[in-house]
Amino acid sequence: MNRNAIACLAALSLCLAAPAALADYPERAITLIVPAAAGGNADITARLIGQEMSRQLGQPVVVENRVGAGGRIGTQAVVRAAPDGYTIGYAHVGTLVLHRYLFKQQLYDLDRDIAPIGLVAETPNVIVVNAASPYRDLKGFIEASRAQPQRLTMTSADPGTTSEVGVKLFIAQTGAEVRQIPYKATAAQLSDLLGGHVDSMMENLPPLIGNLKDGRLRALAVTTRGRAASNPDVPTVAEQGYPDYEQSAWSALVAPAGTPPAVIARLNEAMNQALRSDNVSKELRSRSQEPLGGTPQDVQTQIRKELPKWEGIIKAAGTTLD
């Protein structure tokens with residue numbers, strides 16, 4: 001047999017072996033990199049989804065927390081991983097959209113280096129005041145801020161988070177004259193709000209549900225298009241006179257670019273099955289998160305929808321991070 005024939009047979013065998021290998025996927029544990037600390041909202045959500053995906057895939061989905069640089073360390077680890085379906089990542093609006101405009105140095109090309117798997121969930125932010133506050137609705141709070149510019153304060157998480165840019169969007173679209181104070185930790189914000197040291201706070205809803213239920217906080221508005229399932233009595237910003245206001249901490253699963261389409265399809269299927277399961281959907285909704293799901297293309301659509309809004313807000317604010 002000549003060399004050309006041998007080469008053709010070798011190539012044919014590889015072509016035949018590839019579909020067989022993909023048909024057997026996954027054959028071992030999958031690492032799910034979460035670019036946030038253990039115990040936080042992203043970590044809890046990723047572990048919940050990963051556990052149910054393990055059942056669907058027949059192999060463990062092991063969460064690995066990679067913290068640092070506002071989520072960029074974890075995202076970079078996903079980008080650099082082998083595109084074989086055995087390393088995937090948990091991403092969110094911060095890592096997929098906001099970081100493009102916030103950071104001077106880009107560690108990767110989000111359009112080139114990431115392959116989307118699917119949308120996971122949407123988490124509202126909420127505007128709250130101390131229960132002893134005189135402000136009982138958003139209209140009254142905004143009017144009071146305009147009457148005494150920069151005296152009323154609104155806290156948020158630190159730069160690069162959805163609540164931090166969410167406050168900037170709130171100021172731009174409502175004309176509220178509040179002074180924004182970023183905090184590194186939700187606990188510190190909450191302590192100062194309950195202690196009467198600040199006037200209001202915008203933050204993810206899940207960690208504030210307990211204080212809302214026990215009456216220590218009053219919610220003025222949620223930031224999503226629709227009301228939160230866990231707090232249906234709280235109106236949205238949009239329905240209180242600002243119809244264009246909408247922002248949330250949505251999340252997605254992603255893989256390194258070059259991951260085979262058949263593997264992406266299998267992961268997407270497992271993710272959607274997990275989100276439809278009773279235990280996952282009920283747990284997410286109990287924590288004010290709305291399960292999303294859908295196709296990989298839906299992630300791209302969501303990113304394209306968000307880019308113009310946040311580019312304008314972040315550039316107008318002049319916020320940049322090293």
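The C-alpha centres of domain 1 and domain 2 are separated by 26 Å. The model is predicted. Domain 1 comprises residues 30–123 + 249–317, and domain 2 covers residues 127–240. To their contact, domain 1 contributes 18 residues and domain 2 contributes 16 residues.

The size of an interface is often expressed as the accessible area lost when the parts come together. Here the two domains bury about 1200 Å² between them, with 76% of this area on carbon and sulfur atoms. On the side of domain 1, the greatest losses of area to domain 2 fall on Ser288, Trp310 and Ile313, which together account for 34% of what that side buries.

At least two residues of the domain 1 side that touches domain 2 come from each of α4 (93–102), β4 (114–130), α11 (278–286) and α12 (296–317). The residues of that side are divided by class as follows.

| Class, domain 1 side | Residues |
|---|---|
| Nonpolar | eight residues |
| Polar | six residues |

Ala131 is located in the loop between β4 and α6 (138–147). Because its relative accessible area is 28%, Ala131 counts as partly exposed. Leaving aside residues up to four places away in sequence, Ala131 touches Gly215, Arg216, Leu217 and Arg218. Ala131 and Arg218 stand 87 residues apart in sequence, with a C-alpha to C-alpha distance of 5.1 Å.

Methods
Residues numbered from 1 in each chain as written. Predicted model: local features only at pLDDT ≥ 70, side-chain atom pairs only at ≥ 80, totals over all residues. Heavy atoms only, no water. Domains from an automatic or database assignment. Contact = heavy atoms within 4.5 Å. Buried area = accessible area lost by both parts, 1.4 Å probe. Helix = DSSP H or I, 4+ residues; strand = E, 2+ residues; numbered from the N terminus. Nonpolar A, V, L, I, M, F, W, Y, C, P; charged D, E, K, R; others polar. Buried < 20%, exposed > 50% of the residue type's maximum accessible area, 1.4 Å probe, protein only.
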